[in-house]
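The following exercises are to be worked with the sequence and the coordinates at hand. Each task sentence is followed by a solution in steps.

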Amino acid sequence: MIPRYQRILFSILVLGCIVLAVLLLRLRERAQDRMQSVRDETPMEAPIARVPEKVQLLLANDSDGSLVATQRSITLPADAPSRARVLLESLLAEYAKPNSTHPLPSGVAVEEVFLVDLPGSNSSSIAVVDLSAAFAQGHPSGIAPETLTLLSITGTLHANLPEIAQVRFLIDGQTRDTLAGHADLTRTYIAANPDVDIPAAGGRP
Amino acid sequence: MRWSKQARSRNSPRLLLTIAFASALTGLAQTESPRPGVSQTDAPPPVPVPFVPDSTKPAILTKPQAPSAPPIQLRFVVVLDPGHGGEDTGAKLGPGTLEKDIVLSISTRLRALLNAKGIPVIVTRDADTSPTADDRAAIANRAKAAACLSLHATATGTGVHLFTSSLTPANYGRDEFIPWNEAQATANTQSVRLASDVNTALGNGKLPVLLGRTALRPLNSFTCPALAVEFAPVNAGSGAASLTDSSYQQRVAAALAEALVAWRVDWRQRP
């Protein structure tokens, strides 16, 4: 037989537990409401004024020396130089991903892209792509990988900005003989050149 | 800007005047410079060299042929240009494995194989030296070579990568000067034919081949049928270490030698 005082004590303890549980639930709801109100009032992301656009990236493949046109959806700025820069940042970011078919170092690769009208032409321009020194230093050395990178950049720019007819490359704002010891950076690359399609292995030049 | 002169215009009066004028200005004797890397038995007969004006270097000229002289029968000479050298190590292919050493090793093997087949070979370097791109092109152009191979190596991709110049083929007039950095445009059509022969020989040797076009110095300054040959690991799993494998190097050199033997026939039958 349980004594009376023990039953009263047990009931008081059970009642206290229930009260505390209700109190905790209430406090939790208040905390959630407070956090929700803070979240609503603070802009956590920059407002997106433009909708994503479909772009075509020419992705290089080291195994067969090909450039494959791949669709991506990215948000591009309004002005052409900024569009070109975002395009190239997106392209080179693809190469920095694990299991890339053309592995390149991650990090800032494109310092700036300038567009200059070609003399005597109203609709064509030359893009001057300023690559970072860190990108050039970390780039795999060889004729094939360097050529593929340049053709990928040139082809991607022309595919999405057809007014770009020629491309020149700088490293850290300076002219340089080669990208990583091989591909010639002293010449102007013709963006509309069929060079973009490197024949696959075993093909005829 | 530097300029080179096409071989077929060597007898033109305009060039003779230019050579005489340049000689008077520079006061240089019309002598031929020693040819680096040419073995005594391989030395081709003396031929006129392209006129390469450059205020920083002495002009290298030979006595022009008289207009009535019979045409010179060019010998079949191959120029091998192992890339990089000296402080320019080229690609770092692995611990202690440098591109300049790999291409020099393959060049030495290929030279021995070609000499054994009776083909004279001129190399732009046969030691750990670093001639400039213009020096390499000058050696090749002076030799009036039937084939010029610029040798490189990379850790990317597999097999052998063959590149012709990305310059658009061009026909220059008899008396026209050709921009030094675009001299290969005059020989690009033949370079593509040479690439076809090399591709076939490498295929016969069961070596994977990648064909393409590129902008590369000194390839664009060669007036001979020219290719950039880039050696990559034998397969995807072998890694760059396979480039140091002597059997792989010998296999590649043998395939290239076979291609150049085939090219000797094709080159003589050129239009």
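## Exercise 1. A helix pair in chain B

Task: in this predicted model, identify which residues of α2(B) and α5(B) meet, and describe how the two helices cross.

Solution. 

Step 1. On the side of α2(B), the residues in contact are B:S105, B:I106, B:R109, B:L110, B:L113 and B:L114. On the side of α5(B), their partners are B:Q249, B:Q250, B:V252, B:A253, B:A254, B:L256, B:A257 and B:L260.

Step 2. Sorted by class, this contact comprises 10 nonpolar, 3 polar and 1 charged residues.

Step 3. Helix α2 of chain B covers residues 99-116 and helix α5 of chain B covers residues 246-268; their axes come within 9 Å and cross at roughly 45 degrees.

Step 4. The crossing of α2(B) past α5(B) is right-handed.

## Exercise 2. The largest nonpolar core

Task: state which residues of the largest nonpolar core touch the most other members, and list the contacts of B:V78 outside its sequence neighbourhood.

Solution. 

Step 1. The largest nonpolar core has 107 residues, and those touching the most other members are B:V78, B:V79, B:A145, B:A147, B:C224, B:L227 and B:L256.

Step 2. Helix α5(B) supplies the largest share of this core, 8 residues. One of the residues listed in Step 1, B:L256, also belongs to the contact of α5(B) with α2(B).

Step 3. With neighbours within four places in sequence set aside, B:V78 is in contact with B:L114, B:I119, B:V121, B:A145, B:A146, B:A147 and B:L260. Among these partners, B:L114 lies in α2(B) and B:L260 lies in α5(B).

## Exercise 3. A helix pair in chain A

Task: determine how α2(A) and α4(A) are oriented, and which residues form their contact.

Solution. 

Step 1. The axes of helix α2 (residues 80-95) and helix α4 (residues 143-160) of chain A come within 10 Å and cross at roughly 135 degrees. This angle makes α2(A) oblique to α4(A).

Step 2. The handedness of the crossing of α2(A) past α4(A) is right-handed.

Step 3. Helix α2(A) contributes A:A84, A:L87, A:L88 and A:L91, while α4(A) contributes A:S152, A:I153, A:T156, A:L157 and A:N160. By class, the contact has 6 nonpolar, 3 polar and no charged residues.

## Exercise 4. The two chains

Solution. 

Step 1. Of the 205 residues in chain A, 32% are buried; of the 271 residues in chain B, 48% are buried.

Step 2. Among contacts with a separation of 6 or more, residues 24 or more positions apart account for 64% in chain A. The corresponding share in chain B is 80%.

## Exercise 5. Backbone geometry and burial

Task: locate A:D172 and B:H84 and decide whether each is buried, partly exposed or exposed; then locate the cis peptide bond.

Solution. 

Step 1. As background, most residues other than glycine have a negative phi, and most peptide bonds are trans.

Step 2. A:D172, not a glycine, has a positive phi of about 50 degrees. A:D172 sits in the loop between β5 (164-171) and β6 (189-190) of chain A. Because 13 other C-beta atoms lie within 10 Å, A:D172 is partly exposed.

Step 3. B:H84 likewise has a positive phi, near 65 degrees, and is placed in the loop between β2 (78-82) and β3 (92-94) of chain B. Because B:H84 has 25 C-beta neighbours inside 10 Å, B:H84 counts as buried.

Step 4. The cis peptide bond joins B:R217 and B:P218, with omega about 10 degrees. B:P218 lies in the loop between β9 (209-214) and β10 (226-231) of chain B.

Conventions: Residues are numbered from 1 along each chain as its sequence is written. Chains are lettered from A and ligands numbered from 1 in the order in which they are written. This is a predicted model: local features need pLDDT of at least 70, side-chain atom pairs count only at pLDDT 80 or more; totals for chains, interfaces and linings use all residues. Axes are lines fitted to C-alpha atoms, for helices over the stretch in contact, and angles run from 0 to 180 degrees between N-to-C directions. Helices (H or I, at least four residues) and strands (E, at least two) are DSSP runs, numbered from the N terminus. A crossing is left-handed if the near helix is turned anticlockwise from the far one by less than a right angle, and right-handed if clockwise. Two residues are in contact if their C-beta atoms, placed from the backbone, lie within 7 Å. Ala, Val, Leu, Ile, Met, Phe, Trp, Tyr, Cys and Pro count as nonpolar, Asp, Glu, Lys and Arg as charged, and the others, Gly among them, as polar. A nonpolar core is a set of buried Ala, Val, Leu, Ile, Met, Phe, Trp, Tyr and Cys residues joined through C-beta atoms within 7 Å. A residue is buried if 20 or more other C-beta atoms lie within 10 Å of its own, exposed if 12 or fewer, and partly exposed in between; C-beta atoms are placed from the backbone. Angles under 35 degrees count as roughly parallel, over 145 as roughly antiparallel, 65 to 115 as roughly perpendicular and the rest as oblique.
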